[in-house]
Amino acid sequence: MTARRALIAGNWKMNGLRADGLALAKDLAAWLDGEGRDASNRLDMLVCPPATLVALVAEAVTGSRLAVGGQDCHAAEAGAHTGDTSAWMLKDLGCGFVIVGHSERRTDHGESDETVRAKAAAALAAGLVPIICIGETEAERDAGRTLAVVSRQINGSLPEGATGTNVVIAYEPVWAIGTGRTPTTEDVAEVHARIRDEARGRLGAGADDLRILYGGSVKPGNAAELLGLADVDGALVGGASLKAADFQAIASAS
Ligand code: PEP
């Protein structure tokens, strides 16, 4: 097993006009090359702007240590899919990653594990690293089904050809996203350990290289505790990734 390098990923969701996005990205890129150099020596930092800003941000941070990704992609390379963006288009803009299966996509757009798997496969084919999101709803947690749900999702969403290094998993309990609530560290540790075990069935020893991110109300105040857990290899951050100081503090805490 190679040591897993942490990944701190920001999901801007549907936020930001050109001036805000550009300022935030430039601020982060400058920090990684300056004051945040220690952090950037030990971890990867990624921003996933809305589709409208990907080209602008990717161009602005070219040559810096800040990576850029998409928030979603279509499973097809091109064609009659109005409003969608393909993984190849994101790659063409300079992206290295794409989030797939975020719970907001699963809920708002009815995406199934099968859809997510097809999108992750497209990402791999286009040369992107898919960040595959999984996580239970509050009702599923209350019914004691968390481990069963994440096991099903990981098996259903991992594409053919996945290895420990060409995909990333993000565990995001749906009820913790944007709510300020987080599971206990014991719960996070238990679920992450289960995800790695489950991934071992598909990836073999490669599961030891797999980066498993935690997402759901990560803030500067709880980052060190969450990111210090054994099987937590970084964070997928929503709200707190929109403020440079908060996102930098989360990266510094890892
Ligand atoms: C997310 O949207 O992936 C997320 C984790 O959001 P937040 O950090 O705001 O909970």
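Biologist: Where is the place of Gly238?

Modeller: This is a predicted model, in which local features need pLDDT of at least 70, side-chain atom pairs count only at pLDDT 80 or more, and totals for chains, interfaces and linings use all residues. Residues are numbered from 1 along each chain as its sequence is written. Helices (H or I, at least four residues) and strands (E, at least two) are DSSP runs, numbered from the N terminus. Gly238 sits in the loop between β8 (234-237) and α11 (244-253).

Biologist: Is Gly238 buried or exposed?

Modeller: A residue is buried if 20 or more other C-beta atoms, placed from the backbone, lie within 10 Å of its own, exposed if 12 or fewer, and partly exposed in between. Gly238 has 21 other C-beta atoms within 10 Å, so Gly238 is buried.

Biologist: Which residues does Gly178 touch, not counting residues up to four places away in sequence?

Modeller: Gly178 lies in the loop between β6 (168-171) and α9 (185-203). Contact requires C-beta atoms, placed from the backbone, within 7 Å. By that rule, and leaving out residues up to four places away in sequence, Gly178 touches Gly238 and Gly239.

Biologist: Why do the residues of the UniProt annotation "binding site" gather at one spot?

Modeller: The annotation, from an unreviewed entry, covers Asn11, Trp12, Lys13, Gly178, Ser217, Gly238 and Gly239. UniProt positions are given in the numbering used here, feature names are shortened, and annotations may be inferred rather than shown by experiment. The residues span 229 residues in sequence, yet they gather at one spot because no two of their C-alpha atoms are more than 14.0 Å apart.

Notes:
Contact = placed C-beta atoms within 7 Å.
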